[in-house]
Amino acid sequence: AQAHPTGRTIEAEAFVLRDGGGTARGVWAPSPEGGAALTFFDQAGKPRAQVRVERDGAPGLLLFDQAGYGRAILRADREGTPELTLTDQAARTRALLRVEGAGSPGLVLFDQTGKPRATLYVVSDGSATFQLSDKDERIFWRVP
């Protein structure tokens, strides 16, 4: 006769979810950088979404395109400052939305070379700043 386990804890170095054909559709495992991640794969075996916690405790959510590039990254740093990064097909940052610790939101739009071209910030006193920059990052228009 087989004895029933007394505890309800299951331990492993990784958990792999496979579909009926044996293809890995999800993996929950430590990340090489020292954190942990739950990654979901499409039918072709490519990563499409990942929920992770970095080594320093920062949580994040990544959405990947069909080529495997992280296209949308939602994360919070160790202090809880949230940030949303959107990238192009070459994994270059094109838009960044962030709320600083004091509650000040900011939006930065980048060109194809990674240079900030449009910036909008609302500071803690409620005032706002909007500026446009040229390809050499020189501000050519700013309010106020």
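Colleague: Why does Arg 52 count as buried?

Modeller: Buried means under 20% relative accessible area, exposed means over 50%, and partly exposed lies in between, with a 1.4 Å probe and protein chains only. Arg 52 has a relative accessibility of 14%, and therefore counts as buried.

Colleague: On what basis are such values given?

Modeller: This is a predicted model, in which local features need pLDDT of at least 70 and side-chain atom pairs count only at pLDDT 80 or more, while totals for chains, interfaces and linings use all residues. Residues are numbered from 1 along each chain as its sequence is written, and side-chain values use heavy atoms, with hydrogens and water left out.

Colleague: What makes the contact between Glu 54 and Arg 52 a salt bridge?

Modeller: The term requires a side-chain nitrogen of Lys or Arg within 4 Å of a carboxyl oxygen of Asp or Glu. For Glu 54 and Arg 52 the N to O distance is 3.1 Å, so the contact qualifies. Glu 54 itself is partly exposed, at 27%. By this rule the count comes to 14 salt bridges.

Colleague: How do you know that Arg 78 and Glu 79 meet in a salt bridge?

Modeller: Their N to O distance is 3.9 Å, which is within the 4 Å cut-off. Both Arg 78 and Glu 79 are exposed.

Colleague: Which accessibility classes apply to the salt bridge partners Arg 92 and Asp 88?

Modeller: The closest N and O atoms of Arg 92 and Asp 88 are 3.1 Å apart. Arg 92, at 36% relative accessibility, counts as partly exposed, whereas Asp 88, at 5%, counts as buried. Elsewhere, salt bridges that share partners join Asp 77, Glu 83, Arg 98 and Glu 100 into one network.

Colleague: How many aromatic pairs does the structure hold, and why is that of Phe 15 and Trp 28 called tilted?

Modeller: There are two aromatic pairs. Rings of Phe, Tyr and Trp (its six-membered ring) pair if their centres lie within 6.5 Å; planes under 30 degrees apart count as stacked, over 60 as edge-to-face, and the rest as tilted. The centres of Phe 15 and Trp 28 are 5.8 Å apart and their planes lie at 35 degrees, so this pair is tilted.

Colleague: What makes the pair of Phe 130 and Trp 141 edge-to-face?

Modeller: The angle between their planes is 75 degrees, with 5.6 Å centre to centre; an angle over 60 degrees gives that class. Phe 130, at 31%, is partly exposed, and so is Trp 141, at 41%.
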